[in-house]
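Here are my notes on the model, point by point. Please read them alongside the coordinates.

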Amino acid sequence: MLDLTTTYLGLALKNPLVPSSSPLMQQVDDIKRLEDAGAAAVALHSLFEEQIARESFALDHYLNYGSESFTEAISYFPQMLGYNRGAEGYLEHIAKVKQAVQIPVIGSLNGFSTGGWIEYAREIQQAGADALELNVYYVAADPAQTSQAIEQMYLDLVREVVKSVTVPVAVKLPHFFTAFANFAQRIAWAGADGLVLFNRFYQPDFDLESLEVVPSLTLSHSNELRLRLQWVAMVYGRVEADLAVTGGVHSAEDVLKCMMAGANVAMMTSVLLERGIPYLGALLESVKAWMNDHEYESIAQMRGSMSYKNVAQPAAFERANYMRVLQAYEPRFDRNP
Amino acid sequence: MSRSMVTLDANEAAAYIAHHVSEVIAIYPITPSSAMGEWADQWSAENKKNIWGTTPLVVEMQSEGGAAGAVHGALQTGSLTTTFTASQGLMLMLPNMYKIAGELTATVFHIAARALAAQALSIFGDHQDVMAARATGWALLCSNSVQEAMDLALIAHAATLKARVPILHFFDGFRTSSEVMKIEQLDEDDMRFMIDDELVRAHRARALSPDNPFMRGAAQNPDVYFQARETVNPFYARMPQIIQDTMNQFAARVGRQYHLFDYVGAPDAERVMVIMGSGGEVAQEAVEFMHARGDKVGVLKVHLYRPFSVEHFMAALPKTAQKIAVLDRTKEPGSAGEPLYQDVVTALMESADGARPMPRVIGGRYGLASKEFTPAMVKGVFDELKKPNPKNHFTIGIHDDVSHTSLPYDPHFSTEDPATTRAIFYGLGADGTVGANKNSIKIIGDETALYAQGYFVYDSKKSGSTTTSHLRFGPKPIHSSYLIRSANFVACHQFNFLERFEMLHVADHGAIFLLNSPFAPDAVWERLPRSVQQTIVEKQLKLYVIDAYKVARETGMGGRINTVMQTCFFAISGVLPRAEAIAAIKHSIEKTYGKRGKVVVEKNFAAVDATLANLYEVQVPTNVTSAFDLRPPVAAGAPAFVQNVTAEIIAGRGDALPVSALPVDGTYPSGTAKWEKRNIALEIPVWDKDICIQCGKCVFVCPHATIRAKVYDPQCLDGAPETFKHVPARWKEFEGLRYTLQVSPEDCTGCTLCVEVCPVKNKSETRLKALNMMPQPPIRARENENWAFFSRLPEMDREKVNLHLVKDSQLLEPLFEFSGACSGCGETPYLRLITQLFGERAYVANATGCSSIYGGNLPTTPWTHNDAGRGPAWSNSLFEDNAEFGLGFRLTLDKRLEFARELLPQFASVVGQELVDGILNAAQDTEAELLKQRGRVQALKEKLEALITQSPNVPIAETARHLCSIADIFVKKTVWIVGGDGWAYDIGYGGLDHVLASGRNVNIIVLDTEVYSNTGGQMSKSTPRGAVAKFAAGGKATAKKDLAMLAISYGSIYVARVAMGASDTQTIRALLEAEAYDGPSLIIAYSHCIAHGYDMAHGLDQQKAAVASGYWPLFRYDPRLAAQDKNPLQLDSKAPTLPLEKYVYNETRYTMLKQSNEAAAEKLLALGKKDVAARWKLYETLAQTNGKDGK
C-alpha cells in the first residue's frame, strides 16, 4: 500500500498535491471539485490589500466625481447602505470554503502596509484558515533602494506577521535574491514555517503596433520547474522550513521531482486551468503508478532524495551552466591532445 | 418627550413624513423635487418601513403624467399614495388632479414650488406652478421653512384623511427645498398619534373592489353634471377648520402651534404684509426688527391658501390694519392682480360691515425664479405703504424701467443678528467645497446647541462650475431665508476667482478672509488684484492663507481640498474650540466616508492633520500696491448686447439689469459662448506639428470645439505670430496649401479626449503623441494670439471637401462651440459634427435636458453662426413634446416650400423661366449644388426686390413681397430633433413614435447616456440591465429598451446606432445618410457620461469596449436599400470579441453593485450576457436575410 501522505506547515496531508492561487479558488464549487479530485489542501487566491485600497479610492473618487457641482444634479448615484470595501468578501469566502471541504485551507495575503499585513493576517486566521501564505509580491524598481533594505523589509514583515497569528505561516518568495540560500535561512529564522518557491511576476510585453507596454502573465511551463527544483534541492535539510514548489508543476514526473528535491508539497495552477480540475485525479494516479512501477513505498521515502544534501555530486547544483558546457567538451580535449 | 435634532433640507423633511405614512409612491424626477423621490426610493431600497410596519412600494414612471395616473389608480384601489413634483411636472398632473379631487380622494402631493417655462425655462423657485393648480379643487398648504415642511407634511397627511380633500403641500423650490437647517425631527409615535387608522380603513373601504363592486368615473350629461359638481361644497366648507383642528392636535403633542394664517408683529399694526412661503420667514425677520424699533407693522403668513378661509383670514388680521400689501411670488399676465392679492381683496370686501374702514390694499410681485427677497425689500414695501397713495401692482427686487412697477428700497438695510456667524465660501464644484460645508453644518448642528442653516448656489455650467455656500450659525432660530449679504467669514477656495469676480463686497469690517493660495504667506500680497488689496486694507480684514492643493496632494486627496478647507474654517472661525472641532471633523469623516473603506477615512484624517501646520495668518500691509485688477467679463470686441447684458450676467451682476435690458420674448443672439472665456483648463493640448498625420480625429472628438484644423493658402500667413505653427497640408488635392491645428487656450476644458484619440506616437519617446498636455498659464497669452490669428484665416471651401471623410469633415467650421457641458462630454461631439455638416441650413428642436442646458442656459449659448450670418436655428420647447415640436418645424417648412413653389411660376416673366426652372428642379444633394441654389435664390430675391421697388403698387408686387419673404425655403433645410434618452425612451416616447410614423423628413438624434443625466442620474428605460442608477439602487433588473428595433419595425424609417469612439466613419456616414433620407430618421448615439462613473478621458475607449463586447452593435437600417431589393440592415460592427464584464466593470454604475451586492451583480451580469448574445443573433440573422424575398 502506497503511502502518499506528507506534512506541510504542520498540517497532515493525504498527498502532496496542492492547487494554488488561481481563478479556480474563487468558486466554492470548484474547490469542492478539487477536493473530490484528490487535492490534499488548497492555497487560496491572495487578498490584495493594495487592490482593496485602490478600489476604495476609486469608489470614493467616482462617487465624488461631478457631485455637488451642478444645481440639478447634486450627485449621480444613489447612496448604498454599504460596500464590500474591506476584506469581508474574501473572509466570507474562506469561511464558506471551510464549510464546504474537509481538506486544509491556506489563506493567502498580499499586503502593502505593515498595519495591513497584520490586520488582514489576523482576520484570515479568524475566518478559519488553517495556515497563511504571505504572497510578498514586490518589484524592486527603485534604484535608490538597496538589496539589504529589501531583505530587511521581508524579514521585518515575516517577524511581525508571525507574532500576530497562531496559525503556521509560509512565505512565497521570488527568486531575485543575491544569496538566496542565506536569505531563505534568515526568513526561516524570522519565524516562517514554510517557503513557497517561487513567485511568478507579471512580465510586461510590448505591442509593436500601438507602442504600448502590455502587462501579461502567461501560464507556466514545465521547464520553469527546474529553477524551483534547484533551489528546493539546495535548501532542503539545510534551512529549517517546510518547502513548497509552485510554478511549472505540470505532470506526475514534475511532482515526483519536487518530492525528490525535498519539497513537502507540489503546488499547481496552470495545468489545472489548461486541462481542467479532473486532471488532478489523473495526475495523482500517474504518481501512484510511477511509484508502483519503481517500487517506492512512500512519499517520505523519496523526499529530498535528490537534494543537495543527499545526491552523489552536490557540485552539480552549484555549477553554473557555463561550467557544465566546458565539462562537456573535456573528453574531446582528452582524445585530441 | 425628547425628539432628535437633525440637519436636513425640506425635500428630505417632507419625504421623511411621506415615506412613513404611504403605501405606494409613484415618482418621476424633476428639479428641484427630485430629491424627495430619491429619498423615498432609497429608503424603500433599504427596506425602511412605514408606520404600519411595511415598506412602501416606490415606482418610477415615464413622466409626471404617468406618475399622476399611477397615483390615481393606486388611490382608487385604496392605497395611501403620494408623489413629489414641481413646475412642468405639476402641469402634467393637472388632468388627474381634477379627477382625484372630483372623486374626493384623500392624498397629499409634495411640491417644491418652481417657476414655469414661459419666455425661458427656469428651474428656480416661485409659486407659478402651484398657482396654476389652484383651480383643481385641491387644498394648497404652504410650508415656509424646513421645520414647517416636516410638520405640515404630517398635518397634511392627517387632515386629508379627515377631509377627503386632496392636498398640495408645497414649499419654495431651492430656497426651502434645498436649504439645510437644523430642525426637530418628528418620530413615528408622533405620526401614529396624528394619523387616524380608522380613517385609513375608511379610505380603503371607499376603494374599488370586485368584492364590493361599483363604478366610479362616469360620464354625465347636461342634466346632472352641474348638480353633481356642487355636491362637494360641504367638504370644502369644512376643510379649513379640519386643518386648523389638525394643527391644534399637532400643537398639543409637539408644541409647535400653526394656524391657517399666522400673524407676527405688532398687535396694533397699521401696516400689514400678507405673504406665503419662505418670503414669510424673511418678512417675519424684518417685521420683528422693525417692530422692536417701534414700527407698527406686522406680517400675516399664509399656510392654507386653498380653500381660502375668509373667516380665518379676517380673524388673524389685526383690526388696526389700515394698509395691507399682498405679495405674490407668481405672475399672472393680464389679470386684475395676482391670485393672493385678489383673494385678500375679495375677503376684505366680503367682510366689510361698515364698522371699520376698509383697509387700503396693494398687491405686488416678488421673488420670481428664486430672485432674492430680503428684509430690505420687506422694508421697502412697508415704506411704500406709508405713502398716502402707495403703488399698486408693484414689483420689488428688480428695476422695472419699462412699466415702472418696481418699488425703491435701501439695499443696505440689514436685520442680521450680530450673534449669528455668517460665512460665505466660494469654491469649484470639483473641489468638494459644498460637500464640506454640508458636513460643517451637520457638525455644528449635531455637536452644539447652535442653530445652523446652509444654502448653496451653483452657476449653470457643468464643467468648471463655481459654487457659493452661505452658512449661518447662531444661538437663535434662523429665519433668514436669503443669501448672506454681510459676512464675518469669507473663504475663497480657488485663487483664480479673485481676478474673475468680486467677492469681498460681502465681507463685514474686520471679517476673516481665508484664501487657498499657491503662494507663500510672504508672497501672496503682491499676487492679489488691486481692488482685493484695497478692500482688505479698508475693511481691516484678517487674512489667512493655506496652500490647500499642496496639502491635498501630499495627503493623497488629489484635487479635493474639501477636508483641508473645512479644517481651516473650524480652526480660525472659533465656532467650536479647536480640538473639539478637529475631533468632530474626524468623526464626521468616519460617518461620511467609512463605508467607502478605511483608506479613504485615513487619507482624510491625514489631510486634517496636515492642515494646521500649513495655515498662516498674513500680516496685511497698509498699502495697496498691486498694478492689476479684475479682468473684464468679456473682451472689448464683443457686440453691444454681449457687452451690455451678457457680460453683466457673466460678472454676477445680472440682478442689477433693468427690465429694459432684456428681450421681451426670450429671443437671444446666438454665438455668445465665444465671449465667455472661462479659463478652466489647468493643462491644454499642444500640437507637435512634425509627427501629426492630420487625421482630424482630435477635432472630431473635441466636446467643446476648442481644437480646430484649417487648410489655407500660404499667403494667408502674412502677419502670423512668431509662434504660430503650420506645415504642408497632407492632402493630394490641397498640394501647396498649409495646415494648422490650433487650440483655444481659454475655452479648452482640458478633458484630454483629443490626446487619447491621437493615433500617433513619437518614435523616440513613445509617451509623447502629436498632441501633448502642457500647463496652460505659461502658454495662455501666446496661444491666445495664435488662436486669434487662426480664427481670422479663411474657412474651408465646403465644395472642396469630401464630407464622408473624417479628415475632410473636420476642416469644416463648427457652429456649436465652447459649451458649458461637462469636461469630456460624450454628447456634444455629435452636435458639433451635425453643425459642421449641416449647420448653416439646420433647424434644431432640443428637448429639455443636459443638451438644452449647455445649449441654452444663460448667460451664453454655444450655438453660433458663420461669417455669412447663417447657423442653426435652435429652440427648446419642453421635455415631453420635443419630437412634436420638431415636427412642427418640418410642417412649416413643407407648407412654406409648397406655397413658394406655387408662387414662383407666376414670376417667370419677371425673373426668367430659366431661373424659375433652375430653382424648382435643382438637385441639392452636394455642397456644390447647394451653393448653386443659394446663388439662384439670391438672384430671385434681387429681381423680386427690383420689381417691388419699381412697381410697388401693382397687384403682383404684394405676391412678390410674400415670395421674397419665404424664398429662402428654396435652399434645402434640415430639421434635427435632439434630446436624451429620458426624453426619447420615456417621457417623449409617445410623441417620438408618432413623429417617426408620420413619414415626414425629420432627423432625430438621441444622445443616449442611458440615464437622466441632467437631473442627477435617475434610471430611464434606456438604462442597461445591471447598472445602478437612482431609482435602481439594486441595479436595473430589466434590459434596456431596443428603441432602434422598435423604429425598424416600421420599415420606413432610417435607423442607425452609432458610437463615435468606436467608429467615426460610421458615425459620419449615418448622419449623412439620415439627412439625405427623405423621411424620418432616428440615430441613437452612444454618449459616455459623467453619470457612468469613470474618467471621461477614457470615454472613447469605453465606446470601443461597448461595441467590441456586443453591448452596442453598430448598424444602419436604410429603407432605400429595401426599395432596391437589398437588405436594408447593415451591421457595421463585428461579432462580440470582448467579454461583457471587461466593458461594464470599467464603470462605477456597474461596479458599485458588485461592491454592494455581489450576488445580484453576478446574476444581472449573466442575464446581460444573454441579452447581448440574443440581440446579436437577432441582428445578425436580420442582416443576413436577403432583402428581396425576406429569407
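How many residues does the contact take from chain A, and how many from chain B?

1. **Interface.** The contact takes 32 residues from chain A and 41 residues from chain B. Two residues are in contact if their C-beta atoms, placed from the backbone, lie within 7 Å. On the side of chain A that touches chain B, helix H2 (residues 49-64) of chain A gives the largest share, nine residues. Helices (H or I, at least four residues) and strands (E, at least two) are DSSP runs, numbered from the N terminus. That side of chain A holds 17 nonpolar, 11 polar and four charged residues. Here Ala, Val, Leu, Ile, Met, Phe, Trp, Tyr, Cys and Pro count as nonpolar, Asp, Glu, Lys and Arg as charged, and the others, Gly among them, as polar.

2. **Conventions and thresholds.** This is a predicted model: local features need pLDDT of at least 70, side-chain atom pairs count only at pLDDT 80 or more, and totals for chains, interfaces and linings use all residues. Residues are numbered from 1 along each chain as its sequence is written, while chains are lettered from A and ligands numbered from 1 in the order in which they are written.

3. **Confidence.** The predictor gives the complex an ipTM of 0.92 and a pTM of 0.94. Chain B averages a pLDDT (the predictor's confidence in each residue, from 0 to 100) of 96, with 99% of the residues at 70 or above. Chain A averages 89, and 94% of its residues score at least 70. Over residues 323-337 of chain A the pLDDT is below 50, and this stretch has one contact beyond near neighbours in sequence. Where pLDDT is low, the predicted coordinates should not be read in detail.

4. **Helix pair in chain B.** The axes of helix H3 (residues 64-76) of chain B and helix H4 (residues 87-102) of chain B come within 7 Å and cross at roughly 25°. Axes are lines fitted to C-alpha atoms, for helices over the stretch in contact, and angles run from 0 to 180 degrees between N-to-C directions. H3(B) is therefore roughly parallel to H4(B) (angles under 35 degrees count as such). Their contact comprises six nonpolar, five polar and two charged residues.

5. **Backbone checks.** Most residues other than glycine have a negative phi, and most peptide bonds are trans. The bond from Thr31(B) to Pro32(B) is cis, with omega near 0°. Another cis bond runs from Arg306(B) to Pro307(B), with omega near -10°. Asn679(B) has a positive phi, near 50°.

Definitions and conventions. Parallel < 35°, antiparallel > 145°, perpendicular 65-115°, else oblique.
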